[in-house]
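Open the model in your viewer and keep the selection panel at hand. The tour below goes from one residue to the chain contacts.

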Amino acid sequence: MDLSRFNLITIATPLVLGAGVLLVMLVDLLSGRANRRPAQLAALAVVLAAAAVCLATWNTGGVSFFGQVSGDGFASFFNLIFLAVAFLVILAGPAYLERNAIHFGEYYSLVLVSVMGMAFMAAGTNLLVIFLGLETMSLALYVLAGFNPARQSSNEASLKYLLLGSFATGFLVFGIALVYGQIGSTDLARFSAYLAGAGDPFAGYMGAGVALLLIGLTFKMAVVPFHFWSPDVYDGAPTVVSAFMSAAPKAAAFAAALRIFYAPAESLGLPWERILWILAALTMTVGNLSALNQASIKRMLAYSSVAHAGYLLLGILAGNELGAAGILFYLASYVFMNVGAFTVAWMVNRRGEGRYDLGDFAQLGFRRPLLAAMMSVFMLGLIGIPPLAGFFGKLYVFTAAVQAGYVWLVVIAVLNSAVSVFYYLRVMVIMYMRENEALKDVDRIPATFAAVAACALMVILLGLIPGSVLDVARAAVASMP
Amino acid sequence: MTEQFTPVVWMLLSAALLTAGMMAVAIFLGPRKMNPVKAEPYECGIKTEDPPLNMRHPIRFYVVAILFIIFDVEIVFLYPWAVVFRQLSLVAFISIAIFIGVLMAGLYYAVKKGVLEWR
Amino acid sequence: MGPLTLITFLPALGAAAIGLLPADNHKAIRWTAAAFTLAVLLISVMLIPQFSQTHTGINDVDGFQFVEKADWIPAFNISYFVGVDGLSFPMLLLTALLCFICIFVSWGIKKGVKGYFALFLLLETGMMGAFVSLDFFLFYVFWEIMLLPMYFLIGIWGGPRRVYAAIKFFIYTLVGSVLMLLVMLAFYFNVKDPVTGANTFNMLAMMDQANHSPWLNLFNVRVLLFFGLYIGFAIKVPVFPFHTWLPDAHVEAPTAISVILAGVLLKMGTYGLLRISFPILPDATHTFAWFLALMGAVNIIYGALCAMAQKDLKKLVAYSSISHMGYVMLGMASLTAAGINGAVFQMFNHGTVTAMLFILVGVIYDRAHHREINRFGGLANIMPKYMGISAVAFFAALGLPGMSAFISEAMVFLGAFPVFQVYTIIGISGIIITAGYVLWTVQRMFFGEGLKDEKYKGMSMEQIRVHLPEINGRELFTLIPLAAIVIYLGIWPHPVLGMMNASLVHLVELVKAAPVVTAGLF
């Protein structure tokens, strides 16, 4: 048997994760009923090992498995993002799970399974591999969303996510089938070659196929009008899971979208451009306007993440190298801001799981100055105030869109960023300027605090060295086959 | 190329005819003596306790069924592998060993979680 | 590391140092802040003898002094490019001085001392950075860095309606920044670096019209960009009708923050116009100079009339700032050497004079716990020293000859009169209104029967003095240097005028020499 076709280095990171899932499961089984610490430590070790493997095999894989996966710098870059998110939620999670009496060892293995799925989404150069990765990721997420069986809203979130998610993947598979029907292959290289060669890119089944692919992916990104699930699911799911869900799967969906649409973006032509233009404009506007008047911090962050999907779509629409690299940078900074913000949200929540009121933040600036300062960093980063990372992410993506000629869309995006100031700023107003409501103290949880601090540090750091990170992102995009 | 399939069509047709014929014979010739037990959805000679729509099965049935399907699928992979085992290299052996190892870990997990204990 | 980097980032380092101090050791925190601002002030003052008065700057890289340049984001041609010329150097000195003084003005802050001083130092970094940046992107980043500490300083340490004021300030300023960001990107995409041929954020490259793309040479586009920038900066100045945030912010802000807001931040707007709009879009500038002059005249009259109507002393000073910034606008718009020299000198003088006024308002508010002019009276008897130093400040604000503001206002009118006679005459009549409200205020507060306040009815002078003690040493320490500068520059303005003359004359020539573009887009 010819082994050179099965270059395991291309999928080294997900392989380590897969083995790690088993390891974590077994460690959890063997470590007794009351003690979840070994499972957590094992999961952290697995994530670190996977990150080490990812760095060691950075951009060395190349295309393998009959052209189905590519272990290029692009995959490595995204793997690192996913692993960072996983590390943070695993580090921060136990305190939350303990508080709600849902500390099961499966949390760790499910997070790892879903990250493994994401890794395949980022590495897949075949529509079916991307689909498999997406399903692996989603199945784990459906379970995670319902991780608190005692709470009705958690069950509701899980079921809602499962039903709508299954619909979306149904669309995706149908789209893949139609594409296959047109070009006789699910290989992405063939897909872009066909589009580049065809006079009418949407001839035959192709138009419907591309549209359905787009629906399947935009659902996972939570792009308007396929965003309705996200506030309910983020709100109902346990908050550690919301932190994870709002960050990593969105990044994975964009990774898959870039894999599929980056190369043929130019050959897709006018209808595609118009659809994405409208989707992007709608997504950021609807997301921001809906976020304006949310009383629950979780719902506000959910709508804000919808708006950010809109900004990110600009990068895909631009279809140039800077746009793609900008998306990579944007996501690398966005995940830290979102994980950090959600984590702070559950840390300060003192009214029980059912109520994530913004009022919980009252006087946080004086009760826990450092925590409030870090929350401010996340909020300012999400607004895009320089010199924080969020600003440069937006700058890169917007610049790419201007280069591609979408000036008015960028104007809309910039105005939207200005609108978003209102609701992000409100959190800070409450933290620093609302009078005392005699709230209970916020627990001091060193591990969780360390996770939040790491997020804040990354948001600041990425803002100080945006140039070199962008260079890495550019190299990653250039390494795509 | 279509003529290769002519026998298949014939077979399908004759199967349909045969079935329809047998059912027709049963309808016209068979004796009909209804009794309530015969109308039950599940007939095994003992009278059913509950009306069928309210009948609930313990959830453990499903878990066991899922476990069964996992091992059912395992057979699908193992069978062809076993048939050509001698022509395959060591890699194939290692691959299938990993596959079985993963399944065994799953089984161990299920046992340890008490899925097979009928409480 | 050059002196400008040191000046810019020393305060940020100080903020970090304060972050490491224990929160309840107020003394150490205050003295650390004082030490860092003093270091910045000393470095700035030591630069004065090295500063060459003949270098031009503006659009000539060799004319800039203490230049430092390093790549920051090479992919976008963004560099850390700083330097000073005659336009920015006086502003730098003003900022360093006011920041040092304001640390002592803030000595009495009780709530969240650590956060207050850390944010204050961060604010200084933002202001210094904005004044020394020669890269548009870097300028924008520092511009935004200024915004946040200011927002928190007003919102946390302000008066009763601080949240409203802080949010209003933030939103107004942010709208301005968004416009500026859009214009900045438009410039970036249409200006090519003459050496590398890539798009650049370098302001000096933007000033060379040869680097502009054809699109950027269309007159309508230039007008659009000019007004985009104008609104962005006008909000900061603030020019009527974008001024409504200012009285609210001033009334609610703590004293030291009002001082910085009026003394430095308002100058950021006119500085931005002079540094960015004028040299990059010279033709649009001299086509619409009349508009700037008109807005200047409107500001002078409107601000002065509003000031006259105020009952709250701090609001009065706030509106007087609007009026005084009108002189700056008028002088700038004249595009004559005298007018523009006067405008920048007025920026410097207004910084010192209005700082004194706000400190004085803070002094009396700390004692009386209100600021209503009509409830004072006869303070000359109760607090004679306070009266003395107030007289200097109020008369300086009025533009009394012998005080620095007189020189700058006279220069503004001298420069503007030949160009915009009507607007200048309107502006000069504003001086009369100014004299009116200043003198009326002095009369109501310091002279007359005595305090018109129910609280002090029937008290003897000794008892009143317990409530309203004389101005103390720390407060005098903050006021006397400013008073000295105001009087010194009123008699001998050359030290500051000499610094800026070469650069500003060069700026005027640059703007005047630019041919008017007539090709239009529509």
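Predicted model: local features only at pLDDT ≥ 70, side-chain atom pairs only at ≥ 80, totals over all residues.

**Stop 1**

Is Ser185(A) exposed, partly exposed or buried? Ser185(A) has 16 C-beta neighbours inside 10 Å, so the residue counts as partly exposed; buried would take 20 or more, and exposed 12 or fewer.

Now draw a distance from the C-alpha atom of Ser185(A) to that of Ile412(A). It spans 39 Å, for two residues that are 227 apart along the chain.

**Stop 2: where chain A touches chain C**

Show chains A and C together. Here 20 residues of chain A are in contact with 24 residues of chain C. To see the chain A side, select helices H16 (369–383), H17 (389–403), H18 (407–433) and H20 (466–478), the elements that each give two or more residues to it. Which of them gives the most? That is H18(A), with eight residues. Colour this side of chain A by residue class: 17 residues are nonpolar, two are polar and one is charged.

**Stop 3: where chain A touches chain B**

Six residues of chain A are in contact with six residues of chain B.

Notes. Residues numbered from 1 in each chain as written. Chains lettered and ligands numbered in written order. Contact = placed C-beta atoms within 7 Å. Helix = DSSP H or I, 4+ residues; strand = E, 2+ residues; numbered from the N terminus. Nonpolar A, V, L, I, M, F, W, Y, C, P; charged D, E, K, R; others polar.
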